[in-house]
Amino acid sequence: MKKLYPLLCVLFLIYWGCEDEQGTITLWGKEYSIENTTELDLGSQGLTGSIPPEIGDLTNLRHLYLYNNQLTGSIPPEIGDLTNLTHLYLENNQLTGSIPSEIGNLTNLTRLYLENNQLTEVIPEGICNLDIDWINNFFISNNQLCPPYPYCIEDYIGEQDTSDCP
């Protein structure tokens, strides 16, 4: 199986990530050091598919820029493992599902951009754990997020399509 793993990794790396024995992971066809990667700037790169859960292995990541792509699927809960993250830009994709409750683990986060996706359901209360300047560094409009909204952001929700909300 050990010899077969690299082959399987190659077969699946287009849509998923793979971790190898060298302390790297492969995301969207490129290898990244688990220990040394502090910024992942893949904005406007034409990325498709979902955000791989292996992204959570990049625990020293401080900036994650995946904006202006065609990413689909949910935000993986493993995003909450990126506790050193200060900037998270996922805007202008086609992300669906709920915002994972693990987002509240990102206590170093100072910028959160999620606007112009297709996110649904309620926003987790844990988002209030974040130390964000809500007026200038939090953008979540143009989704389908349902009330009630957490107290810390209820004034910063912007336009939401609530037609499918209960």
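Visitor: How many bridges join strand 9 to strand 11?

Guide: This is a predicted model, in which local features need pLDDT of at least 70, side-chain atom pairs count only at pLDDT 80 or more, and totals for chains, interfaces and linings use all residues. Residues are numbered from 1 along each chain as its sequence is written, and side-chain values use heavy atoms, with hydrogens and water left out. Strands (DSSP runs of E, at least two residues, numbered from the N terminus) pair if DSSP finds at least two bridges between them. Strand 9 (residues 94-97) runs parallel to strand 11 (residues 118-122), and the number of bridges joining them is two.

Visitor: Which residue of strand 13 is the bridge partner of Val122?

Guide: Strand 11 also runs parallel to strand 13 (residues 144-146), joined to it by three bridges. The partner of Val122 in strand 13 is Cys146.

Visitor: Is Tyr65 buried or exposed?

Guide: Buried means under 20% relative accessible area, exposed over 50%, and partly exposed in between (1.4 Å probe, protein chains only). Tyr67, at 23%, is partly exposed. Because its relative accessibility is 13%, Tyr65 counts as buried.

Visitor: What is the angle between the planes of Tyr65 and Tyr67?

Guide: Rings of Phe, Tyr and Trp (its six-membered ring) pair if their centres lie within 6.5 Å; planes under 30 degrees apart are stacked, over 60 edge-to-face, and the rest tilted. The whole structure holds six aromatic pairs. The Tyr65 and Tyr67 pair is edge-to-face, with 6.4 Å centre to centre and an angle between the planes of 75°.

Note on methods
Helix = DSSP H or I, 4+ residues; strand = E, 2+ residues; numbered from the N terminus.
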